[in-house]
Amino acid sequence: MERPTGLVAGPARYGSDLVVDLLRALGTRYVPMNPGSSFRGLHDSLVNHGGNRDPQLLLCLHEEIAVSLAHGYAKGSGEVGVAVVHDLVGLMHASMAVYDAFCDGVPLLVLGGSGPADPALRRPIDWAHSATTQAELVRDFVVWDAEPATPAAFVADVLIAHQRAASVPRGPAYVSLDAGVQEAELTTPVPLPDLTGFTPAPPPAADEESVERAVSVLLDAQRPVVVAGAMDHDPAATPVLVELVELLGAAYVEDRNSVSFPTTHPQNGTGDARWLAEADVVLAIGVPDVPGRLRRRGRERSGAPAALPAIVDVSPGHLGRRSWSNAFAAPFPRAAQLLADPLTGARQLLTALRERAPDAAERRAQVADRVRAHRAAAAAKQRLDGRPITPARLVTDLWSVVRDTPHLLCLRNTRSWPEDVWELPGAGSYLGHSGGGGVGYGPGAFVGGALAARDRGLLGVGIIGDGDLLMASGALWTAVHYRIPGLLVVNDNGSFYNDEPHQAAVARERGRPVDNSGIGMRIADPAVDIDALAAAYGCWTAGTVTEPDELTSAFTEALAAAGEGRLAVVHVRTEPA
C-alpha cells in the first residue's frame, strides 16, 4: 500500500475532508479513480487527511475501468462500491460502466468533481469541463443524483446517495462535488450525523393477497419450473431456492449469466432448453428480463409472438425502471406478482408453501432422472480434444486445477460454457456478467472481484474473451500495482466472434455469402500478442497455450504464481464457439 508521510492527525479542515470522514464512517475500503483536477481537493483529503487507508485510493488507467472495478468489488464483497471520476469528461468515459451497473442492479456510489459554481474561481479549463447540471449525463440510468453546493450538503447528499444505492431496487448513484467547496476551508465545524438512522431501507415485501394468489397458481402446476436471477450474489438465497424447488418438485433452470442454485443439485436442469419450453408455470425470482429469459435465444428477428407459460413474478418489477432505456421493459402477462425484494418474496412464498404443498417426492424423482440423463448425454457430446483448443476443454482443465482452492469465479465465457463441469454451490460463487452488455466491463470487474476475493481469503479466478480484455487491458496494471492476486485465463478466438453469427444470419436471410461473416470481426493480421501485453503490465504469464495437453501444466503453474500473490494470466488460443 502507498503510505503517505509527514501527516498530522486532526479534524476535518476542508469540505473534501468531510467526504473522506463520511466514507470511512460508512465502511468504504477502496476508491478506484483516474486522477482529475476537478476532485484534486478530494484526492488530497483521501491521502493527507485520511492517510490513504479505509478508504484507499486505487489508481486506474481509465474511468470506465475505475467504475467497472467498483462494480465487480460490490458484487464480490456485498458492499456499496465507490469510484471517483473527473467532471464531465471523466463521467463521459465512465457512463458505459455506470449503465452496466444500472442494468445489473449493483449498488455504486460514483463521486465526481464539478464547477466551481463560482465563476471567479474557474480556471480556463473549468469552463469546458463543467456544466449547470452535470448529472444529466447519467440521470436516466442512476437511482439518484445530486450536486451539493455547501460542506453540509456534501455530507447530506453523499449519505443519501449511499443509502439509496444500497436500498432495493439497488443501483448506481452519482454525486458531483463542487471543486470550490471541496478546496474551501471550513468556517464552522460540520459534524457527521448518527449513521444508525441512515441504514438502507428495509427490503420491500409483498402483500398477503399476492402471496396467496401465487401459492394457488404454483400448487395447480403440473410442470413447474423455477428460474432466478443473481439474487444480489447473497449466499443466503440458495437454501431458500433449494427448499422451494424441492417442495414444488420443480426443475430449476439457471440463466447463463448468473448462478444462484447448486450446480450439482439433482433438480438443476440448466442447459436443457426443454424444461422452459414444456413448463406450464414458471416461478421467476429476481429475473430482470422474464420474456427474454423464457424465449429461445437466437439471432434471427421474428415478429411472431412467443407463447409464454403462466408466470409467477417475484421482483421489484417496475420500481427500478426508467423510461429512457428499454432495458427489461418487454411486457408480459403475470398469473401472479409479488412486488418485493426477490429474497424477501421468496421467503414469503416458502413460508406459505410449507403449510400447503403436497408431497412432491414422485415428481422430484422424475425431474432428477431426466436431469441425470441429460447431463450424461451432454457430457458425451463434449469435444475435449479438438484443435484449436475448445472452450469446453479450457473450462474442464481449469476446473480440475482450481477445484480444491477456495476461489471466487469472477468471470466466465457464457455462450460456450459447458454445464455440469464447474461445481458451484450457489449464489455468491459466480459474479455474473456486466448487466448492460457493455464490452470492456470484464477487466475492471475481474480486478474488483479479485480484490473482494482477496479480502475474503479467496482467489479470484476468471475467463475473459480477447476482445473484452483488449478494450480495457489497463486494468491488469492496477491489479499488479496493488498486489491483487488472481488467475485470469484469456479465451482468445481471434475475433469479436459473438457478431460473426449475426452477420451470417443476415447473409442467409438475404441470400448472400455467409463465408464473409468474419470481415470486420477478426483480430488478426497482426494477431495481438496477449501474453506479451500481460507481461508488459507486470503480470505472471505462462506463454501462449495452443495445445490441449499444455493446459493443465500452464494452469497449475499459474495457480502457484497466484498463490504467491501474483496476477497470473494464461493466454489460450481457442476455436470460435
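Predicted model: local features only at pLDDT ≥ 70, side-chain atom pairs only at ≥ 80, totals over all residues.
Residues are numbered from 1 along each chain as its sequence is written, and side-chain values use heavy atoms, with hydrogens and water left out.

Select Asp17, in helix α1 (residues 15-25); helices here are DSSP runs of H or I with at least four residues, and strands are E runs of at least two, numbered from the N terminus. Asp17 is buried but has no salt bridge. Buried means under 20% relative accessible area, exposed over 50%, and partly exposed in between, with a 1.4 Å probe and protein chains only. A salt bridge needs a side-chain nitrogen of Lys or Arg within 4 Å of a carboxyl oxygen of Asp or Glu. The nearest side chain of opposite charge is Arg13, 6.1 Å away; Lys and Arg count as positive, Asp and Glu as negative, and His and the chain ends are not counted.

Now show the second largest pocket. A pocket is an open set of points on a 1 Å grid over the protein atoms alone, with protein on both sides within 12 Å along at least five of seven lines; a cavity is a set where a 1.4 Å probe fits but cannot get out, and lining residues have an atom within 4 Å of a point. This pocket has 13 lining residues, with Val8, Arg13, Asp17, Asn48 and His49 nearest its centre. Helix α2 (residues 40-49) gives the largest share of the lining, four residues.

**Stop two: Val82**

Jump to Val82 in strand β3 (residues 81-85). Its relative accessible area is 2%, so Val82 counts as buried. Skipping neighbours within four places in sequence, its contacts (heavy atoms within 4.5 Å) include Thr28, Tyr30 and Leu109.

**Stop three: His374**

Next, pick His374 in helix α13 (residues 361-381). Is His374 buried or partly exposed? With 21% relative accessibility, His374 is partly exposed. Draw a line from its C-alpha atom to that of Val190, 184 residues apart along the chain, and you get 64 Å.

For the largest cavity, select Thr263, Asn268, Thr270, Glu419 and Asp420, the closest to its centre of the 17 residues that line it. Finish at the second largest cavity, where the lining includes Asp466, Asp492 and Arg573.
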